Amino acid sequence: MGDLCDLLGIEHPIVLGPFGGLSSVALTAAVSNAGGLGSYGLYGYDADRIHRTAAELRAATGGPFALNLWLPTGTERDATPQEFAASLAVLAPYFAELGLPLPEAPSRYLPTLDEQWEAVLRERPAVVSVVFGVPPEAMLAQAHEAGIVVIGTATTVDEAVTLENGGVDAVVASGFEAAGHRTSFLDAAEESLVGSFALIPQVADAVRIPVIAAGGVADSRGVAAAFALGASGVQVGTAFLRTRQSAANDAHRAAISASRAHDTVLTRAMSGRPARGAANRAVREIESAGVIAPFPAQNWLTGRFRPEAGARGIGELQSLWLGQAAGLAGFEDADELLAELVRGVPGAPAMP
Ligand SMILES: Cc1cc2nc3c(=O)[nH]c(=O)nc-3n(C[C@H](O)[C@H](O)[C@H](O)COP(=O)(O)O)c2cc1C
């Protein structure tokens, strides 16, 4: 346990999960200020936005924090004009319902990893966490030279071993209970669905680097179980997303509160890649239309109407990512949630 806290320079082995598109400086800073590791998801951020975000984080916390990047898998591709039009035809009623014009295809869907990494490296966060693969050798070497700890994310034992062999310093073992995208990179996500109870001990047996358990942990019982299974820390998403410091809007919070353990689905409908969330109207209708543009085009397309739906409190037209433990996510304050999670850490001193 001490090994992970020492490695990350933190007091409690509790990591706030990064939320691509939905991280907030307030929540990241709250967790870092309370002795955990706050993470901030940089999905889709260009260099300017990365620099601005890092400055805001530094102003809000003197503690270490993690910046999170999605690595390219080689499966990303632009939608053909036909694919773009076909998906837009399915989504058009949502644009009409929200009074939004139909978008034209952009010149690019996402910033490149090189652009993002150059900005992250200049910011020198204490930790960089990645999903969807092993960081390129040069990136790892530059990170280590700059004193940045690198955390990889595995959905299977094989991925954890591949990440360790690739040189990362710690690994998140992400069970299929977790909210958001399944970040598998060796086999298809649908063929890499391992629950946390099976995944954590097998990853802990297979690697020497510290294992951080993610997926289904929302209270001190989950933390204690993760440690009993061999984890050195936990990464918690859904339960933190429910707190007032998060960037989730009211409809998203309400969906977390209302969700029962069997309510979530894995769907490509909103982004083109499988992710766990609520089966709202958009998910049901897009799934039944069966027309989904490839990633990242589908994510970009739904991203043209989701913010407006969020602003109007319409949960049925958002990406309501949430995990199977949503029913345990009862805390409205991140500090109180962190204190509850710390109670599950073996040998942790009582928090005030
Ligand atoms: C809205 C949302 C966005 C997420 N985006 C990312 C991301 O960009 N990168 C990442 O590593 N994990 C991402 N995750 C996963 C979380 O960081 C975390 O690992 C996961 O939520 C843990 O499982 P739990 O929800 O059961 O606690 C996301 C989760 C949510 C809810």
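Visitor: How far from an oxygen atom of the ligand does a polar side-chain atom of threonine 238 lie?
Guide: This is a predicted model, where local features need pLDDT of at least 70, side-chain atom pairs count only at pLDDT 80 or more, and totals for chains, interfaces and linings use all residues. Residues are numbered from 1 along each chain as its sequence is written, and side-chain values use heavy atoms, without hydrogens and water. A polar contact here is a pair of N or O atoms within 3.5 Å. For the threonine 238 side chain and a ligand oxygen, the distance is 2.5 Å.

Visitor: How much of the ligand's exposed area does the protein bury?
Guide: Areas come from the Shrake-Rupley method with a 1.4 Å probe. Taken alone, the ligand exposes 610 Å². The protein buries 94% of that.

Visitor: How many charged residues does the shell around the ligand have?
Guide: Asp, Glu, Lys and Arg count as charged; Ala, Val, Leu, Ile, Met, Phe, Trp, Tyr, Cys and Pro as nonpolar; the others, Gly among them, as polar. The shell has eleven nonpolar and eight polar residues. Its charged count is none.

Visitor: Is H4 roughly parallel or antiparallel to H12?
Guide: The axes (lines fitted to C-alpha atoms over the stretch in contact, with angles from 0 to 180 degrees between N-to-C directions) of H4 (residues 81-97) and H12 (residues 281-289) come within 9 Å and cross at roughly 150°. Angles under 35 degrees count as roughly parallel, over 145 as roughly antiparallel, 65 to 115 as roughly perpendicular and the rest as oblique. Therefore H4 and H12 are roughly antiparallel.

Visitor: Which residue does a cis peptide bond join to phenylalanine 295?
Guide: Omega is about 5° at this bond.

Terms used:
Helix = DSSP H or I, 4+ residues; strand = E, 2+ residues; numbered from the N terminus. Polar contact = N/O pair within 3.5 Å; in protein donor to acceptor, adjacent residues only side chain to side chain.
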